[in-house]
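Please keep the sequence and the model in view while reading.

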Amino acid sequence: MPSRRGFIAGLMASSMAPSATWADAGAPAYLSAGKDELGLFVVAGLSAAGEVLFRHSLPDRGHAASAHPTRPEAVAFARRPGRFADVIDCRTGAQLARLEPPEGHHFYGHGVFSPEGEVMYTTENAYENGEGMIGVWNARDYRRIGQFPSGGIGPHEMRLRRDAPGLVVANGGIETHPDSGRAKLNIPFMRPNLSYLSLSGEIQEQMELPADLHKNSIRHIAVRSDGTVGFAMQWQGDLGADVPIVGLHFPGETHRLMGEDDPRLRNLSGYGGSIAFSGDETQVAVTSPRGGVVQVMDCASGALVAEHALADVCGLATTRAGFLASTGTGAVARIGTQVETLATAPLAWDNHLIPLV
Amino acid sequence: MSVLSRLTSTACALVALTGLARADALTDAVVDQHILPTYERLATETAEFATLTESDCAPTSEAVRTAWGEAFDAWVAASHLRFGPSEADNRAFAIAFWPDSRSKTPKALRGLLLDSDPVVNTPEDFATASVAVRGFYALEYLFYDPAYADLASPDYACAVVKAVAQDLSQNSAAILTDWQEEYAEKLRHPDERYRSDEEAHQELFKALNTGLEILGDMRIGRPLGTFDNPRPNRAEVRRSGRSLRHLELQLDSLRQLALLLSDGDAELSQHLTQVFDKADRHAANLADDPSFAGVSDPQHRFLLETLQQDVRAIKDIAALDLGPRLGVEAGFNALDGD
């Protein structure tokens, strides 16, 4: 990690305007990757009402993005097994830099900035030995400054802990190799986990599900202000089995599975696409594009309290009032007691909707 | 399936009874002409192999190797039908653990042979062994890789062959029985597991897609590697020289399924026939390189790349023309999530 002095020197030397902040006019409220009318891939900035403010072309399909905590810039990551991450000025959509992982690595589509924004972390596959890695980048000049193991195979979404300094990583457990496309190479032996790492990579805690759920790939996470981690899974076994797709975990405690025994769990088709807590943090929601539903669960009781039909829904973000969702048909919809479509763009919104402020 | 599409299918049922009747016929045709015969053949061939090993189980026996090969052929034809009975108790993984990216099979087999592990003594015990050492691929090492020839006594090697053959036969019989006694019915008369004919069709379409992915990304993609880093040692069943054979067998089986799924659409059936014919011709061009050892040589490599393009073209046709016909919503996120 760069020293404070090095960080300031980098700041002074940077050509980027050091005074820009998220409060500057024109910054969007959300980012999402998508595919346009011509079949080209973009990352777009959206207003709070879901209107497209800018589009930035990507060389290939994007996935998620991560916003810098203070500067109005964000990094849009390639979908696995992609090898680019574009740093974007969120006021204009202009590209500030393009990152490439080292030889033998590819990105998994997610990353996160350190709390002060000096460093950015990316989930990566060191694919020759199938090891999950976290790439470490200087967030001023976006040079690669290090890497450490993620604590498992197939790290996907990664977030900052909120109960303590550190990272929480969803190691999905699935080994892939770019030569074999997106084919899954180790299903009978997969062992997903949730790993808590220090900001320098020491493994502090790991949560695994019981053996009968070893084929439930822990893929996406959201973190509540008290540090509770909500995780969404993707079942790799036969769909005939009714399996939990959402769980909550607080470091040091046992996990809780949500909506258990509710027959509507099946409507998720074994697949959680994105997860988010509600604005008041009493509920957690999951999207399933395969099921075409958003399900909302009560954090305290674990009960499934609402299900909303929304075709090809996947992106999901927390709003003050509840949730905002995006779909492959271009819709951005508010999820409250009902689904209210706010905007429809001529774009297919990809997996994630990233809140920027 | 979404509430919306359930509403749609109900609406379709109300307005187009003829359409619904044909929908049932489609599931029946795939179950009766493709799934049941494919798993019947696997059960028969593995049973014959297991019976033979009662009297002849030497890894060097030509009769044993032939029976193994015939049973393996039957598995390849079934290897895209990965839902329901094949997934219970990890049966399909126990029958065929591949790809083996971490070399679990050779390591486990070596351990078994060096220790003369008594786990092979009863079928009950052997069913608890790692899937890496239980199926067709473990026997391929034992039969065709000289490194495993002398690790154990001939008697123990024989016991391994017998145990694997019995286990293969048991798992194959269990899959077939489940299909015959309950799962075929679940597809034919949607109720609980599948809630509409549309959902049943989606499962069948997914099987075709799975097969095309296994073929293009794994059976062809793994040995191809990249131009700068070809991986001939990753070719499936290269030791027995069966790599190309598996591509051809899987193409045949997928063609049968694709044509059943496109039944009633003459133009689509014809198009599919053309692309499968083309893939067969390109596969035949590889006849002098049956184990894909030539992937390091640009000329040979080109032949396998061409075949991979054929498979991807078939997949595109399935996604664009066949999927919508079967009510598979080609949702951007639904079809290809992460």
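Which residues of chain B does the UniProt annotation "domain: Imelysin-like" cover? According to the record, an unreviewed entry, the annotation covers residues 35-315 of chain B. The model discussed here is predicted.

## The annotated region of chain B

Chain B as a whole has 13 helices and 0 strands, so its elements, read from the N terminus, run α-α-α-α-α-α-α-α-α-α-α-α-α.

The radius of gyration of chain B is 21 Å, close to the 20 Å that the globule rule gives for 338 residues, and the chain is therefore as compact as a globular protein of that length. Its C-alpha atoms fill a box of roughly 70 × 50 × 35 Å along the principal axes. Of the 338 residues in chain B, 49% are buried, and 79% of the contacts with a separation of 6 or more are between residues 24 or more positions apart.

## Helix 3 of chain B

Helix 3 of chain B comprises 17 residues (residues 62-78), which at 1.5 Å a residue should span 24 Å; the end C-alpha atoms are 25 Å apart, in agreement with that expectation. Buried residues in this helix include Val64(B), Ala67(B), Trp68(B), Ala71(B), Phe72(B) and Trp75(B).

## The nonpolar cores

Trp75(B) is also among the residues that touch the most other members of the largest nonpolar core, which has 97 residues; the others are Leu109(B), Leu142(B), Val160(B), Val161(B), Leu208(B) and Leu261(B). Helix 8 of chain B (residues 154-188) supplies the largest share of this core, 13 residues. Because domain 1 (45-182) and domain 2 (196-338) of chain B both give residues to the core, it lies between them.

Leaving aside neighbours within four places in sequence, Leu109(B) is in contact with Val133(B), Ala138(B), Tyr141(B), Leu142(B) and Tyr148(B). Apart from this core lies another, of 93 residues, among them Val87(A), Met158(A), Ile221(A) and Ala276(A).

## Chain A

Chain A has 1 helix and 28 strands. Its radius of gyration is 19 Å, close to the 21 Å that the globule rule gives for 357 residues, so chain A is as compact as a globular protein of that length.

The C-alpha atoms of chain A fill a box of roughly 60 × 45 × 40 Å along the principal axes, and 52% of its 357 residues count as buried. Among contacts between residues at least 6 apart in sequence, 49% join residues at least 24 apart.

Definitions and conventions:
Residues are numbered from 1 along each chain as its sequence is written. Chains are lettered from A and ligands numbered from 1 in the order in which they are written. This is a predicted model: local features need pLDDT of at least 70, side-chain atom pairs count only at pLDDT 80 or more; totals for chains, interfaces and linings use all residues. Helices (H or I, at least four residues) and strands (E, at least two) are DSSP runs, numbered from the N terminus. The radius of gyration is taken over C-alpha atoms; the globule rule is 2.2 Å times the number of residues to the power 0.38. A residue is buried if 20 or more other C-beta atoms lie within 10 Å of its own, exposed if 12 or fewer, and partly exposed in between; C-beta atoms are placed from the backbone. Two residues are in contact if their C-beta atoms, placed from the backbone, lie within 7 Å. The expected span of a helix is 1.5 Å times one less than its number of residues. UniProt positions are given in the numbering used here, feature names are shortened, and annotations may be inferred rather than shown by experiment. A nonpolar core is a set of buried Ala, Val, Leu, Ile, Met, Phe, Trp, Tyr and Cys residues joined through C-beta atoms within 7 Å. Domain bounds come from an automatic or database domain assignment.
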